[in-house]
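Visitor: Please take one part of this model and go through it closely, beginning with a single residue and its surroundings. I would like the cut-offs stated as you go.

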Amino acid sequence: MTYLSSALLALMQQDTPKPKVPESPHFWMPTSSSTFAEATDWAFDFVTWVSAVVTIGVVIAMTLFCVKYRATDRSKNEQPTGNVDHSNVLEIAWSVIPLPFVIAFFVVGLQGFINMRTPPKEAYEIHATAAKWSWMFQYPSGYTTNELHVPKDRPVKVIIEAQDVIHAFYVPAFRQKIDAVPGRYTHAWFEAIETGEFPLFCAEYCGTNHSDMITKVVVHEKDAFEEWLEEAERKEEEEGLKNPVAYGETVYKQAGCATCHSLDGSPKIGPTFKGLFGKTERFTDGTTAVVDENYLRESIEDPQAKIVDGFPASMPTYKGKLSNNRLRALVEFIKSQK
Ligand code: CUA
């Protein structure tokens with residue numbers, strides 16, 4: 001039985017290829033794929049079952065009392081039944097019996113909270129940037145991807161920032177979630193205990209394409225992770241030098257351009273890249289310009305400088321986010337979209 005939200009996710013996946021949701025052994029939880037998962041689920045189940053038992057008890061008692069004390073004969077029952085004000089035994093009982101349970105909720109919750117908010121010192125650090133509407137992950141070497149790759153059995157600390165509005169980093173299979181807030185760093189840590197691919201969501205409504213802000217976490221075996229990273233960097237460098245257009249396409253996908261700029265001529269949040277180069281664009285201030293390399297570079301680094309008429313001024317800046325090689329390749333790629 002897979003967990004409930006996999007059905008919802010499947011609906012969301014209809015038009016865009018998104019991560020496969022791994023089969024879960026639980027009814028309403030995703031797979032338990034981090035060191036936190038078991039304790040978090042235990043706390044959740046504990047609170048849920050205690051609440052369920054209490055709710056059932058209250059409803060049964062209420063029903064019995066409704067039947068037992070119902071007014072059968074108005075003339076007899078309209079009289080007050082003496083001095084019923086309170087019962088010490090009852091009041092002490094209903095205060096003392098729940099006490100250990102609420103203390104247990106607090107202790108279990110606090111332990112979990114402290115654990116989840118305290119990354120181990122030796123954790124592997126990855127920087128994450130959330131922007132409308134994509135994720136960018138940067139590894140210690142500076143290499144960036146828009147899927148999060150991590151090693152198994154090693155604590156990973158993700159340092160998170162937001163470029164425009166509040167987003168939230170959420171990996172259900174790891175039971176970890178934290179807001180990404182503009183103007184400050186937040187962090188989330190986890191230790192994956194199985195390899196595979198797990199959905200990573202933006203869990204804070206952040207505008208039109210919030211529901212598209214889905215990517216995945218790929219968990220590699222420890223050694224395989226190092227190999228993956230080395231190989232990915234080597235390939236990127238090679239491609240970048242040999243074939244700037246193909247490299248530019250990678251950048252187009254990785255940097256999140258694809259969310260707002262189509263390649264088939266259809267307008268999305270921003271203008272399409274098809275036939276863009278060499279075209280004369282009209283801007284909201286009434287001026288026009290021919291799209292050349294410098295216009296493209298400016299639009300990537302300082303998107304608010306010229307706003308194409310009919311489109312919102314919603315693009316975040318990529319200044320400092322893309323290396324010179326990547327920027328050049330991206331411009332070559334846009335030029336190639338005839
Ligand atoms: Cu980013 Cu919702």
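**From a helix patch to an open sheet**

Guide: Val 107 lies in helix α5, residues 98–117. Helices (H or I, at least four residues) and strands (E, at least two) are DSSP runs, numbered from the N terminus. The model is predicted, so local features need pLDDT of at least 70 and side-chain atom pairs count only at pLDDT 80 or more, while totals for chains, interfaces and linings use all residues. Residues are numbered from 1 along each chain as its sequence is written, and side-chain values use heavy atoms, with hydrogens and water left out.

Val 107 has 38% relative accessibility and therefore counts as partly exposed; buried means under 20% relative accessible area, exposed over 50%, and partly exposed in between (1.4 Å probe, protein chains only). With Leu 99, Val 102, Ile 103, Phe 106, Leu 110, Phe 113 and Ile 114, Val 107 makes a nonpolar surface patch of about 750 Å². Areas come from the Shrake-Rupley method with a 1.4 Å probe, and for residues only the protein chains shown count as cover. Patch residues have over 30% relative accessible area and no salt bridge; nonpolar side chains (Val, Leu, Ile, Met, Phe, Trp, Tyr) are joined within 5 Å, like charges within 9 Å. A salt bridge is a side-chain nitrogen of Lys or Arg within 4 Å of a carboxyl oxygen of Asp or Glu.

Next, the sheet. Its 5 strands form an open sheet in the order β3-β2-β1-β5-β8, with mixed pairing. The edge strands, β3 (144–145) and β8 (186–190), each pair on one side only. Two strands pair if DSSP finds at least two bridges between them. Strands β1 (residues 124–131) and β2 (residues 134–138) are antiparallel partners over 5 bridges, and His 127 stands opposite Gln 138 in β2. The loop between β1 and β2 holds Trp 133, and the peptide bond leading from Lys 132 to Trp 133 is cis, with omega near 0 degrees.

Most residues other than glycine have a negative phi, and most peptide bonds are trans. Two loop residues deserve a look on the phi side. Asp 153, in the loop between β4 (148–151) and β5 (156–162), is not a glycine, yet has a positive phi of about 55 degrees. Its relative accessible area is 36%, so Asp 153 is partly exposed. Arg 175 sits in the loop between β6 (167–171) and β7 (176–180), and its phi is also positive, near 55 degrees. At 10% relative accessibility, Arg 175 counts as buried.
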